[in-house]
Amino acid sequence: MKGSLKTGRSKRSIGWYLAHDWQLWVMLLPAVVYIFIFCYIPMYGAQLAFREYSFETGITGGKWVGFKYFEQYFTSSMFGTTLKNTFTISATSILLGFPAPIVLALIINQIRSSKWKRTVQTTVYIPYFISTVVMVSMLNVLFAKKGGVLSDFMKTIGLVSPKANLLGQAKYFVGMYVGSGIWQSMGWNSIIYIAALSSVDTQLYDAAKIDGANRWQRVVHIEFPVLVPTIMILLIMNMGGILNVGFDKVFLMQNTLNLSASQVISTYVYDVGVKSSQFSFGTAVGLFTNVVNFVFLLTANWVSKKVTGSGLM
Amino acid sequence: MTATKPAKDLRNTEVRRNKIRENALSDRIFGAVVLILSILCFLIILYPLWFVVIASISNSDLVNQGKVTFLPMDVRFYGYEQVFSDSRIWNGYMNTIIYVVAGTALNLAVTMPAAYALSRPDFRARNVVMTYFVFTMYFSGGLVPLYMTISNLGLISTKLILIIFVAVNTYNLIIARTFIQNSIPNDLYEAAILDGCDHFTYFWKVVIPLSKAVISVEILYYGVFHWNDYFNALVYNYKQSNEPLQMVLRRILLLNEAYASGNGGVQGGYGQSSADQVKYAVMIVSTVPILCVYPFVQKYFEKGVMIGAVKG
């Protein structure tokens, strides 16, 4: 980490460093400027949440109104709905979606035939490349109320009632959202675990075999523990996005019938903030989400450090 | 796993042999379960994809009645004919290609030099600059201030914004930085310096040629992002002529806008029973190009995902 040039450790002036590093600064410049314009300026602009917006004076010139717009959000009927929907979708995604790639990786890693292993791996990666628009369209045809192949199948085996409309009823929204999400990302997310599994020391397997461990026991006692650090880091990162339900898919899956379950914070911000130009209100709602996410991330990180000793920061 | 005493006495060895014999059976069951589960996963992933393919060449009436399940029925290619003669699709395709090619080129031009600078252990400000980037992963101003910033720059409804937006993604930056840091030996740098190389020359002549693996990963990540992105086009663009393919797809597939523009609509039995073919054909036509890229970068990308996991 702290490696230095051969010439060494002696103290140098700031001028020396600038002369030495100016080329590196030049190489960094585009990225730094870009991030400044598209991330830090909007962060500064988030003060709009506390101000009235006026066309003449722009984002930072309006009258200071304190927490007016936050109060407006907290007391509106949409507060409860959007918060509940966002949290439900997020929590279900993490609860069901997080273990899926781990299990898949363990299964794939156990496949003995390398040809079959390759086939399964390549196949499960494919859905990752499907765009959200196409994904939602696929849901629309596969789970159509009439003649949808998969909805018919689910009705036949009695998984849902024969009259169910999987796309138009609010109660099925979370299931459809999370299920399709798992289908699409399970394979891709498993790559990281498969890679971690390939680093297991083969001596451990041999030792376990001699000790009389069967394959299941080897999975539980050797492979799973290897995955734990990766699992923890990814879990923390997931926690940091708990109120960041991706806008993309929810927005496309929304229809008037399922809105009571599908209006989440991000789509709400878009509706009020961009579409109907309530800039201050939209900013306040967005800022609230970001702060909650940040708190979740820090908490998850803190817990992880306490429990496992490894964390993100 | 658990430490056992060296098996000196016969009984212990005997117990162990029995155990291994028992294991042979349980392992066989285990193997069978693994096989069944893997077949199940395989089918669950594959079937929806397969269905779209067969539906795109089958009689739409039969598809809509739910009769087409495993094999195509009453094969026809009307949908593809319609798709290829639809000017909106071609326009969307052209736009998307511009956004993907120009956008990804810009992404690389911004990300790779920055990643190199941040990988230099002798660069004093690297931790500060890194924090500057990483902070944006976890905190942002939100959609509305971003929208207003872009609007103040006069970039709404321009092709430019769809090219330059997300010029550098912090996650991808970390991947590239970690790769350069870990797989290009510092000795090379020191040798190059002795030969009178500066950072620019070293980066161009040594780092770039040695970073092919991570560059492929970056191309894949950024390229797929640009190809599949509809959100930015939805929010920052109102001009139909600038719309990327995904927005056109959204119109056709989700908003059910009439297709076959200029054809006077589809009439007659044949056209009617094939009408919905267009939807499936569109899905395939828009997904196949990105799938075709994947095998070329496949050997690199597992590596890339792995590097990304190691937070440096």
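**A chat about two chains**

Modeller: Happy to! In chain B, buried residues make up 54% of the 312 residues. Keep in mind that this is a predicted model.

Biologist: Thanks! How many helices and strands does chain B have?

Modeller: Chain B has 15 helices and 0 strands. Looking at contacts in chain B between residues at least 6 apart in sequence, 74% join residues at least 24 apart.

Biologist: Now the two chains together. How many residues of chain A are in contact with chain B?

Modeller: 103 residues of chain A are in contact with 109 residues of chain B. The area buried between the two chains is about 9400 Å², and carbon and sulfur atoms give 75% of that area.

Biologist: Why quote an area at all?

Modeller: The accessible area lost when parts come together is often used to give the size of an interface.

Biologist: Got it. How many salt bridges are there between chain A and chain B?

Modeller: The count is 1 salt bridge between chain A and chain B. Arg218(A) forms a salt bridge with Asp27(B), and the closest N and O atoms are 3.4 Å apart. There are also 17 residue pairs in polar contact between chain A and chain B, counting pairs with both residues at pLDDT 80 or more.

Biologist: And which helix gives the most to chain A's side?

Modeller: That's helix α1 of chain A, residues 14-45, which gives 24 residues to the side that touches chain B. By class, that side of chain A has 72 nonpolar, 22 polar and 9 charged residues.

Biologist: Change of topic: rings! How many aromatic pairs are there over all chains?

Modeller: A search of the whole structure finds 47 aromatic pairs. Take Phe165(B) and Tyr236(B): their ring centres are 5.4 Å apart and their planes are at 45 degrees, so the pair is tilted.

Biologist: Where do Phe165(B) and Tyr236(B) lie?

Modeller: Phe165(B) lies in the loop between α7 (159-164) and α8 (170-183) of chain B, while Tyr236(B) lies in helix α12 (residues 231-236) of chain B, so the pair ties together parts 71 residues apart in sequence. Both Phe165(B) and Tyr236(B) are buried.

Biologist: Is Tyr189(B) buried or exposed?

Modeller: Tyr189(B) has a relative accessible area of 2%, so it is buried. Tyr202(B) also counts as buried, at 2% relative accessibility.

Biologist: What about rings in chain A?

Modeller: Ring pairs link a cluster there, including Phe50(A), Trp64(A), Phe67(A), Tyr268(A) and Phe288(A).

Biologist: Back to chain B. Is Asn172(B) buried or exposed?

Modeller: Asn172(B) counts as buried, because its relative accessibility is 5% and the cut-off for buried is under 20%. Asn172(B) lies in helix α8 of chain B.

Biologist: Which residues is Asn172(B) in contact with?

Modeller: Leaving aside its neighbours within four places in sequence, Asn172(B) is in contact with Thr111(B), Glu218(B), Tyr221(B) and Tyr222(B).

Biologist: Which residues have a positive phi without being glycine?

Modeller: One of them is Ser157(B), with phi near 60 degrees. Ser157(B) is found in the loop between α6 (143-152) and α7 of chain B and counts as buried at 14% relative accessibility. Val166(B) is not a glycine either, and has a positive phi of about 55 degrees. Val166(B) sits in the loop between α7 and α8 of chain B.

Biologist: Last stop, chain A. How many residues of helix α6 are buried?

Modeller: Helix α6 of chain A, residues 132-142, is mostly covered, with 10 of its 11 residues buried. Among them are Thr132(A), Met135(A), Ser137(A) and Leu142(A).

Biologist: And how far is Ile265(A) from Asn85(A)?

Modeller: Ile265(A) and Asn85(A) are 180 residues apart in sequence, and 8.2 Å apart in space from C-alpha to C-alpha. Ile265(A) lies in helix α13 (residues 265-275) of chain A and is buried, with a relative accessible area of 1%.

Methods: Residues are numbered from 1 along each chain as its sequence is written. Chains are lettered from A and ligands numbered from 1 in the order in which they are written. This is a predicted model: local features need pLDDT of at least 70, side-chain atom pairs count only at pLDDT 80 or more; totals for chains, interfaces and linings use all residues. Side-chain values use heavy atoms; hydrogens and water are left out. Contact means heavy atoms within 4.5 Å. Buried area is the accessible area (1.4 Å probe) that two parts lose on being put together, summed over both. A salt bridge is a side-chain nitrogen of Lys or Arg within 4 Å of a carboxyl oxygen of Asp or Glu. A polar contact is a pair of N or O atoms within 3.5 Å; within protein, one must be able to donate a hydrogen and the other to accept it, and residues adjacent in sequence count only if both atoms are side-chain atoms. Helices (H or I, at least four residues) and strands (E, at least two) are DSSP runs, numbered from the N terminus. Ala, Val, Leu, Ile, Met, Phe, Trp, Tyr, Cys and Pro count as nonpolar, Asp, Glu, Lys and Arg as charged, and the others, Gly among them, as polar. Rings of Phe, Tyr and Trp (its six-membered ring) pair if their centres lie within 6.5 Å; planes under 30 degrees apart count as stacked, over 60 as edge-to-face and the rest as tilted. Buried means under 20% relative accessible area, exposed over 50%, partly exposed in between (1.4 Å probe, protein chains only).
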